[in-house]
Amino acid sequence: MTDPSAERVTLMRVLRAELGIGLPDAKAALGQVLAGAYSGTLPEVEYLARKLRRAGVSAVVARP
């Protein structure tokens, strides 16, 4: 990350918009994403990763 705080704001914005969640839930999801612990079905996670990449955040999907 070149600017972690700016990237966190973008991550939160995308998570809130795409998941339809509030700020507290977005903060929890952000923690999971940053820890590499966010999970879902492959299509769901890939969709979210695509949205993050379009927003300028480098995101990859990894299988456990």
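Guide: Partly exposed means a relative accessible area between the buried limit, under 20%, and the exposed limit, over 50%. E46 has 25%, so E46 is partly exposed. Keep in mind that this is a predicted model.

Visitor: Which residues does E46 pair with in salt bridges?

Guide: Look for a Lys or Arg side-chain nitrogen within 4 Å of an Asp or Glu carboxyl oxygen. E46 meets R50 at 3.9 Å, N to O. E46 also pairs with R53, with the closest N and O atoms 2.7 Å apart. The three residues E46, R50 and R53 are linked in a network.

Visitor: Where do E46 and R50 lie?

Guide: Both are in helix 3, 4 residues apart, about one turn of the helix. R50 is partly exposed at 38%. R53 is partly exposed too, at 36%.

Visitor: How many salt bridges are there by this rule?

Guide: The count is 3. One of them joins E18 to K51, with the closest N and O atoms 4.0 Å apart. This pair links distant parts of the chain: E18 sits in helix 1, K51 in helix 3, and 33 residues separate them. E18 has a relative accessible area of 31%, and K51 has 23%. Both values fall between the two limits, so both residues count as partly exposed.

Visitor: What is A26 in contact with, beyond its neighbours within four places in sequence?

Guide: A26 touches M12, L15, R16 and I21.

Visitor: What about empty space? How much lies in the largest pocket?

Guide: Rolling a probe the size of a water molecule over the atoms shows where empty space is left. The largest pocket holds about 590 Å³. Its lining has 24 residues, and V33, Y38, V45, V60 and V61 are the closest to its centre. Helix 3 gives the most to the lining, 5 residues. By type, the lining divides into 16 nonpolar, 6 polar and 2 charged residues.

Visitor: Is S39 buried or exposed?

Guide: S39 has a relative accessible area of 61%, over 50%, so S39 is exposed. S39 lies in the loop between helix 2 and helix 3. Its C-alpha atom is 9.4 Å from that of P64, 25 residues apart along the chain.

Definitions and conventions. Residues numbered from 1 in each chain as written. Predicted model: local features only at pLDDT ≥ 70, side-chain atom pairs only at ≥ 80, totals over all residues. Heavy atoms only, no water. Contact = heavy atoms within 4.5 Å. 1 Å grid on protein atoms, 1.4 Å probe; cavity = no way out; pocket = protein on both sides within 12 Å on 5 of 7 lines; lining within 4 Å. Points joined across faces, edges and corners; volume = space filled by probe spheres on them. Helix = DSSP H or I, 4+ residues; strand = E, 2+ residues; numbered from the N terminus. Nonpolar A, V, L, I, M, F, W, Y, C, P; charged D, E, K, R; others polar. Buried < 20%, exposed > 50% of the residue type's maximum accessible area, 1.4 Å probe, protein only.
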